[in-house]
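Work through the exercises below with the sequence and the model open side by side. Each task is followed by a solution in steps.

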Amino acid sequence: MTPTALITGATSGIGLAIATAFSKLKYRLILCGRRQERLDELQQTLSPDSECYTLNFDVRDRSAVETAIASLPADWKTIDMLINNAGNAHGMGPIHEGDVDDWDAMIDGNVKGLLYVTRAVSPGMVANGRGHIVNISSIAGKQTYANGGVYCASKAAVEALSEGMRLDLTQYGIKITNVAPGAVETEFSLVRFKGDEARAAKIYEGFSPLTATDIADAVVYAVTAPPHVTIADMTILASAQSAATTIHRK
Ligand code: NDP
Ligand code: 8X3
């Protein structure tokens, strides 16, 4: 039977690359995001290889998440893989000057949003006695850096939740994979710096950052591992990166 994967944040970057990689495996895809035109475009692009269904919701909106997942037609309700990828950093600065709206966006999206989606999808996996949840964390969840404390905290929460999910769900045949990338060139920095293209580009200057496809390749490795193997945790760095804030630039 062809597996069905639900991918949050499929409209850009890592989520889009995972959707593209999964379509090469012919998986059925539930593509999620807030930008409907991008979802439509992606569905069009991938549909020669994969059957796709789109869901438009903000992961921060609990009732929108519940309504969207509940609205899936009967033949899309069995979800084999959940890729909890949606998320972003918003702003950078010291705690005493922090923008509380940015903090809300990070905690509500990266932590509570991931939980809302997992709460809506995982009971089906438990009932089926199988499933795979991939949580996209970050090197920032393992190493806190100055001026990024709230983003780092949101990803540290993802690290803890991956462990918690594994403790609770392994008994139901559900695998949990935590993926912690370092610097990946996507729209991430553009979002963090609120559209400041020059500042975003500087993050990736002087070294070869990871691409979204590098992360998608790792996710494919995890989800295609044999049934008796769980890839529990992967940290993936650009070769020039040795720690969250240590990058050897030319
Ligand atoms: P992008 O900005 O390119 O993509 C972010 C995706 O998340 C978009 O598809 C966006 O879709 C979706 N998204 C963001 N907020 C929401 C929301 N509130 N509701 C629904 N969807 C949302 O960044 P990346 O691809 O780099 O980021 C993907 C994940 O990878 C994030 O969790 C990020 O923290 C993590 N990560 C990124 C790294 C990097 O260096 N790029 C490194 C480590 C981890 P839309 O706007 O259409 O809703
Ligand atoms: C994104 C990577 O180092 O910019 O999670 O926080 S970093």
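**Exercise 1: the sheet**

Ala180 has Thr235 in S7 as its bridge partner. The model is a predicted one, in which local features need pLDDT of at least 70, side-chain atom pairs count only at pLDDT 80 or more, and totals for chains, interfaces and linings use all residues. Residues are numbered from 1 along each chain as its sequence is written, while chains are lettered from A and ligands numbered from 1 in the order in which they are written.

Step 1. Strands (E, at least two residues) and helices (H or I, at least four) are DSSP runs, numbered from the N terminus. Two strands pair if DSSP finds at least two bridges between them.

Step 2. Axes are lines fitted to C-alpha atoms, for helices over the stretch in contact, and angles run from 0 to 180 degrees between N-to-C directions.

**Exercise 2: two helix pairs**

Task: state how H3 lies against H4, and how H1 lies against H8.

Step 1. The axes of helix H3 (residues 62-70) and H4 come within 9 Å and cross at roughly 30 degrees. H3 and H4 are therefore roughly parallel (under 35 degrees; over 145 is roughly antiparallel, 65 to 115 roughly perpendicular, the rest oblique). Arg62, Val65, Glu66 and Ile69 of H3 make the contact with Tyr116, Val117, Ala120 and Val121 of H4; contact here means C-beta atoms, placed from the backbone, within 7 Å.

Step 2. By class, the contact of H3 with H4 has six nonpolar, no polar and two charged residues. Ala, Val, Leu, Ile, Met, Phe, Trp, Tyr, Cys and Pro count as nonpolar, Asp, Glu, Lys and Arg as charged, and the others, Gly among them, as polar.

Step 3. For H1 and helix H8 (residues 212-223), the axes come within 8 Å and cross at roughly 50 degrees. H1 and H8 are therefore oblique to each other. Their contact includes Gly13, Ile14 and Leu16 in H1, and Ala212, Thr213 and Ile215 in H8. It has ten nonpolar, three polar and one charged residues.

**Exercise 3: the ligand shells**

Task: describe the residues around ligand 1 and around ligand 2.

Step 1. A residue is near a molecule if its C-beta atom, placed from the backbone, lies within 6 Å of it. Of the 30 residues around ligand 1, Gly9, Gly13, Gly33, Arg34 and Gly87 come nearest. Helix H1 (13-24), helix H4 (100-128) and helix H6 (188-192) are the elements giving two or more residues to this shell. H1 supplies the largest share, three residues.

Step 2. The shell around ligand 1 has ten nonpolar, 14 polar and six charged residues.

Step 3. Ser138, Ile139, Ala140, Gly148, Ala183 and Ala244 are the residues around ligand 2. That shell has four nonpolar, two polar and no charged residues.

How values were computed:
Two residues are in contact if their C-beta atoms, placed from the backbone, lie within 7 Å.
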